[in-house]
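Hi everyone, thanks for making the time today. I'd like to walk you through one structure, so please have the view open and follow along as I go.

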Amino acid sequence: MSICLYEYLCLDIVGSEDYVRLIRLINASNDSLDSQKFISRITSGSFGEGLELEGSDLDIMIVPHLLEVTDQTKKQDYYYPKNYFLSDTDDVKPGFAYLRLMKGNTIKKNLLYRGVDGQLFLSSVLLKQQFLNKGLPVVHGPCVSDETGRFDIAICPHSKSWITTASKWVTRSNKSWPTDEVKLRVINHGVLFVPIGTGGNLNEELKWRISFSVGEKFLIYSFNHTQLLCYALMKILLKDIISKSPGCKDLLCSYFIKTILFWISEEIPILVWTPDNLIPCFMRCFKRLMYCVEQSMCPHYFIPENNLFENKIIEQGRIRLLKTLCLIPKSCLIPDELKLYAHNVSGALPVPPVVYLHFLKYLCHYHLDNVRNYQESLGDLHLTIEENYFISERFMKAGAYDCLGIAFLVVGDRDSARAAFGKSKELNPDQTENWSYKRLAMMDKRDN
């Protein structure tokens, strides 16, 4: 199945290795042509990484050459007419910095903010306002955007030096990825600073997010095609399923997905990422995402002290995600087997994502008449439920048993199906939202 999925993604969704390489070449050419004496353009986002996925926005980073961030540990040679800023990471959340003016007098004074002891700082808010115009009238997070939201442009000062707060990444051990050559390329580029703070805190307009966008693009470019397809699958899962679930639209973003792929890629040997292992690799990434949601913890890849889920995936938001797969009865995402005995049931069926993936794997093998494989998959499905693997709530386990009951019905094991539906009823006795009641009633009607 992994090979079939790999080939399908290459033919119809992502493209071949040569096609991805062509997109990256086009991006590099466009960036080179649009870069000028005083600015550099960098295509970022999915398209910048070589993924031409449906609905992807065009993300552009503009690096102004007249604004340069320096390293505080080195003596600087100042060149007119540049303006030099010191990145100050003291008393600020990991992954963010203040940019304090060190040298320069050509910068517009309305972009500066006078802080403590008369020091001048570059304002992330004022810089974005400076670039608003008729074509880009909207401030969208760190970017200025058009009215449709299709184009996001971020103005990002550059530091040619590697940031001290990410120094541990340089020496962090890994199995085989990234290679030393790729690491060196990432480090030599340095970092960018994106005009957005941490959200609602003191001196918010003076804070800048440390961005590794170019380095991350180098890392994505070093992926083999299986890694890239797994990344694409996770992004599709986010866009087409998670974000469309009630209350989940803005809880997760592509950056979290990318971060998880980086961690997984660093942890396992590159030899694991093969076309015939695509589904297990995807499952590993998906399970890591679920673990991160359960723990409300997603460490930044370069600066692990920065928890990307902090103040985001908490309380009700976390619970809504743990619900990542509520299937609506008329959804095209539901296989016919789940619809078969529930035509008149309203509401949604909460199925734990890992359980659902095991169920889909079981169905695939069943319809392909792979007897041994679907029997093993049914066993895996049953074990996942019994061991509470990534099932943290009673109503989720009720949905899992409902799914298991359907799996038994598919192969004609009605006694085991009744037992599974019965356990589902015990865990969630609400007849208005538990499909097992309707399924058992339909079975009784047929048996009589």
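Predicted model: local features only at pLDDT ≥ 70, side-chain atom pairs only at ≥ 80, totals over all residues.

**A walk through the model**

Let's begin at F85, a buried residue with a relative accessible area of 1%. F85 sits in strand β4.

From β4, move along into the loop that joins β4 (83-88) to β5 (96-103), where you will find D91. D91 is not a glycine, yet its phi is positive, at about 55 degrees. Is D91 buried or exposed? With a relative accessibility of 77%, D91 counts as exposed.

There is another residue of this kind further on, so let me mention it here. D369, in the loop between α13 and α14, is also a residue other than glycine with a positive phi, near 60 degrees. D369 counts as exposed too, at 58% relative accessibility.

Now for a contact across the sequence. I303 belongs to the loop between α10 (278-295) and α11 (315-322). Which residues does I303 touch, if we leave out those up to four places away in sequence? They are P94, G95, T165, A166 and F212. Take P94: I303 and P94 are 209 residues apart in sequence, but their C-alpha atoms are 7.1 Å apart in space. I303 has a relative accessibility of 1%, and at that value I303 counts as buried.

F212 is part of one aromatic cluster, together with W162, W169, W177, F223, F262, W263, Y301 and F302.

How many aromatic pairs does the structure hold? The count is 20. Let me pick out F359 and Y362, whose rings form a tilted pair, with 6.3 Å centre to centre and 40 degrees between the planes. Both residues lie in helix α13 (residues 353-367), 3 residues apart, which is about one turn of the helix. F359 is buried, with a relative accessible area of 0%, and Y362 counts as buried at 0% as well. A further pair, Y366 with Y374, is edge-to-face: the centres are 5.3 Å apart and the planes make 65 degrees. Y366 counts as partly exposed, at 28% relative accessibility, whereas Y374 counts as buried, at 14%.

Let's turn to helix packing, and to two pairs of helices. As a reminder, two packed helices are described by the angle between their axes and the distance between the axes.

Here is the earlier pair. Helix α6 (residues 180-189) and helix α7 (residues 213-221) have axes that come within 9 Å and cross at roughly 165 degrees. That angle makes α6 roughly antiparallel to α7. The crossing of α6 past α7 is right-handed. On the α6 side the residues in contact are V182, R185, V186 and H189, and they meet V214, G215, F218 and L219 in α7. Sorted by class, this contact has 5 nonpolar, 2 polar and 1 charged residues.

How much of α7 is buried? The helix is mostly covered, with 7 of its 9 residues buried. Those buried residues are V214, G215, E216, K217, F218, L219 and I220, so do click through them when you have a moment.

The other pair is helix α14 (residues 371-386) with helix α15 (residues 394-410). Their axes are 10 Å apart, and the helices pack at an angle of about 160 degrees. α14 and α15 are therefore roughly antiparallel to each other. What is the handedness of the crossing as α14 passes α15? This one is left-handed. From α14, the residues L378, L381, H382, I385 and E386 meet K397, A400, Y401, L404, A407 and F408 in α15. By class, that contact has 8 nonpolar, 1 polar and 2 charged residues.

Definitions and conventions: Residues numbered from 1 in each chain as written. Heavy atoms only, no water. Axes fitted to C-alpha atoms, helices over the stretch in contact; angles between N-to-C directions. Helix = DSSP H or I, 4+ residues; strand = E, 2+ residues; numbered from the N terminus. Parallel < 35°, antiparallel > 145°, perpendicular 65-115°, else oblique. Left-handed = near helix turned anticlockwise from the far one by under 90°. Contact = heavy atoms within 4.5 Å. Nonpolar A, V, L, I, M, F, W, Y, C, P; charged D, E, K, R; others polar. Phe/Tyr/Trp six-rings, centres within 6.5 Å; stacked < 30°, edge-to-face > 60°. Buried < 20%, exposed > 50% of the residue type's maximum accessible area, 1.4 Å probe, protein only.
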